[in-house]
Number of protein chains: 2
Amino acid sequence: MGTITKALELLTHFSPSRSEIGLAEFVRVTGRDKATLHRHLTELEENGFLEQHPTTRAYRLGPAFLRLAAVREAAFPFRALVRPIVMELADAVGELAHASLLQGDALSSVFHADPQLHGTQVHFDPSEILPLHATSSGVAVLAFADDDLRARVLSRPLPPFTNRTITDPETLRQLVAQTRADGLSRLEGSFDSEVTSQGAPLFGEGDRVVGALSVAVPALRATPDRMDDIARRLRVAAQEASRSLGARAADLAALPDFPKAAQA
Amino acid sequence: MGTITKALELLTHFSPSRSEIGLAEFVRVTGRDKATLHRHLTELEENGFLEQHPTTRAYRLGPAFLRLAAVREAAFPFRALVRPIVMELADAVGELAHASLLQGDALSSVFHADPQLHGTQVHFDPSEILPLHATSSGVAVLAFADDDLRARVLSRPLPPFTNRTITDPETLRQLVAQTRADGLSRLEGSFDSEVTSQGAPLFGEGDRVVGALSVAVPALRATPDRMDDIARRLRVAAQEASRSLGARAADLAALPDFPKAAQA
């Protein structure tokens with residue numbers, strides 16, 4: 001692991017429920033040398049990627065993220081484009097909806113909306129990086145991604161998150177083929193044992209897959225009728241989002257003959 | 001400059017008007033060795049901090065910023081808190097208003113609103129890092145920051161941005177003292193020769209200065225009456241924002257006897 005990666009990797013330890021991390025805690029969770037860690041943290045802090053609590057000296061994610069997120073959005077307004085679509089979808093189905101962007105070999109969450117209509121709801125952590133093999137969003141992306149990405153993911157170990165996560169490459173390959181045929185993925189208890197989710201690919205310029213839109217439902221509410229209703233609305237929302245993102249053939253993903261043609 | 005800083009510094013070259021930068025352009029603007037640059041860019045890309053255009057291979061800021069900005073905002077909702085206040089202020093004064101956060105020894109822009117009521121308007125670049133000595137926001141922060149920050153800024157060269165930027169430490173020290181007395185800074189043509197701006201400090205928990213709120217006006221419209229009207233509304237908006245951010249004595253900054261007491 002390069003120095004830069006080692007430093008950037010420290011940033012992934014922050015989450016909404018762990019918003020401040022002290023040096024001692026970083027030593028504990030990373031198992032790295034204290035002096036090196038301190039040097040990395042200091043460089044991140046000097047560049048605005050971290051800031052320190054004035055009295056405890058614990059580290060927090062810094063203001064640079066707000067500025068650089070705004071710069072990215074000014075040029076490639078993904079969040080602004082998908083936000084109203086995700087909100088409308090969540091309201092229409094009464095469940096958690098979220099949009100994510102392909103980041104290397106995983107998905108980065110960008111926006112989620114939860115109408116909070118029910119006593120139980122899917123807990124969503126926006127800091128979590130979504131693995132491609134274990135989430136409905138990820139499988140939807142894999143199904144329409146280029147062969148390189150698919151081959152890379154299928155050739156590596158597939159870590160389990162629950163006892164229902166697909167860890168066998170051949171089973172995953174079949175699910176991916178099925179998802180291409182359906183234009184939509186459905187996973188039950190794969191990333192969280194109590195959650196069933198469906199994902200649809202999002203396409204951008206040049207009709208490349210750029211991310212996914214998904215709806216996650218507590219398994220108890222995932223009746224066949226509800227899942228079908230969600231699937232129908234999810235398809236429409238994903239096509240709308242893809243058109244906004246510059247895809248031309250976005251709606252093809254929902255046509256029964258597209259996957260075969262694209263796969264040929 | 002450490003390796004991490006060298007890599008992170010590459011990210012500062014992106015702006016809304018320069019949203020994609022190729023390897024050759026990075027070589028040109030940084031003057032660095034191509035092989036090292038490529039290694040740094042690759043590490044940033046592998047961690048989601050950059051992504052590459054599918055055909056041109058030019059680099060863009062990556063999706064990690066959207067995710068990490070959301071994680072920061074979930075814990076410390078600065079943008080969400082100041083957004084409505086900045087929008088209301090911009091509407092009330094009919095001019096560009098913006099909020100920024102202290103990032104090391106400069107300010108990072110977080111949100112701006114422009115009612116676009118006039119034929120001419122201040123051009124605002126959200127990717128720009130605002131220097132403390134040359135902007136009304138920066139001087140407002142310097143006036144209420146701790147002595148260390150003030151001493152550090154005053155001891156270093158003060159680069160000019162226009163022929164009216166204050167580059168003499170003694171003159172800056174006087175302006176800072178005046179700003180403490182007024183609770184508000186006013187700079188004419190200091191960062192952009194055609195812009196007059198006023199800035200007020202934003203305070204957070206423990207009544208520490210965390211950033212600034214400001215209104216920027218084309219010099220032609222900066223009549224004394226308008227500036228006084230803006231100053232009045234800016235004070236109120238900054239106090240409101242500071243209270244939202246957890247400051248207790250936020251309104252003290254506007255009282256005539258606060259600065260003297262605080263300075264004593």
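## Ground rules

Residues are numbered from 1 along each chain as its sequence is written, chains are lettered from A and ligands numbered from 1 in the order in which they are written, and side-chain values use heavy atoms, with hydrogens and water left out. Since the model is predicted, local features need pLDDT of at least 70 and side-chain atom pairs count only at pLDDT 80 or more, while totals for chains, interfaces and linings use all residues.

## Helices that meet across the chains

Two packed helices are described by the angle between their axes and the distance between the axes. Axes here are lines fitted to C-alpha atoms, for helices over the stretch in contact, with angles running from 0 to 180 degrees between N-to-C directions. Helices (H or I, at least four residues) and strands (E, at least two) are DSSP runs, numbered from the N terminus.

Start with helix H4 (residues 64–75) of chain A and helix H4 (residues 64–75) of chain B: their axes are 8 Å apart and they pack at an angle of about 140 degrees. That makes H4(A) oblique to H4(B); angles under 35 degrees count as roughly parallel, over 145 as roughly antiparallel, 65 to 115 as roughly perpendicular and the rest as oblique. The crossing of these two helices is left-handed, a term for a near helix turned anticlockwise from the far one by less than a right angle, with clockwise giving right-handed. On the chain A side, A:Phe65, A:Leu66, A:Leu68, A:Ala69, A:Arg72 and A:Glu73 meet B:Phe65, B:Leu66, B:Leu68, B:Ala69, B:Arg72 and B:Glu73 of H4(B), where contact means heavy atoms within 4.5 Å. Sorted by type, the residues of this contact are eight nonpolar, no polar and four charged. For that sorting, Ala, Val, Leu, Ile, Met, Phe, Trp, Tyr, Cys and Pro count as nonpolar, Asp, Glu, Lys and Arg as charged, and the others, Gly among them, as polar.

A:Thr3, A:Ile4, A:Thr5 and A:Leu8 of H1(A) make the contact with B:His40, B:Glu43 and B:Leu44 of H3(B). Those residues split into three nonpolar, three polar and one charged.

## A helix pair inside chain B, and a histidine

Within chain B, the axes of H6(B) and helix H8 (residues 169–182) come within 8 Å and cross at roughly 75 degrees, so the two are roughly perpendicular. H6(B) brings B:Val139, B:Ala140, B:Leu142, B:Ala143 and B:Phe144, while H8(B) brings B:Leu172, B:Leu175, B:Val176, B:Thr179 and B:Arg180. The contact counts eight nonpolar residues, one polar and one charged.

B:His133 sits in the loop between strand E5 (129–131) and helix H6 (136–144) of chain B. B:His133 is buried, at 4% relative accessible area; buried means under 20%, exposed over 50%, and partly exposed in between (1.4 Å probe, protein chains only). A polar atom of its side chain lies 2.8 Å from the backbone oxygen of B:Pro159. Not counting residues up to four places away in sequence, B:His133 touches residues including B:Val139, B:Leu142 and B:Leu172.

## Two strand residues in chain A

A:Gln198 belongs to strand E7 (residues 195–203) of chain A and is buried, with a relative accessible area of 1%. Its side chain makes a polar contact with the side chain of A:Arg186 at 2.9 Å. (A polar contact is a pair of N or O atoms within 3.5 Å; within protein, one must be able to donate a hydrogen and the other to accept it, and residues adjacent in sequence count only if both atoms are side-chain atoms.)

A:Ile129, in strand E5 (residues 129–131) of chain A, is partly exposed at 33%. Setting aside neighbours within four places in sequence, A:Ile129 contacts A:Gln103, A:Ala106, A:Leu107 and, from the other chain, B:Arg67.

## Positive phi in two loops

A:Gln116 has a positive phi of about 50 degrees although it is not a glycine. A:Gln116 is in the loop between strand E4 (106–113) and E5 of chain A, and counts as exposed at 55% relative accessibility.

In chain B, phi of B:Arg57 is near 65 degrees, again a positive value in a residue other than glycine. B:Arg57 is in the loop between strand E1 (50–52) and strand E2 (59–61), and is partly exposed at 45%.
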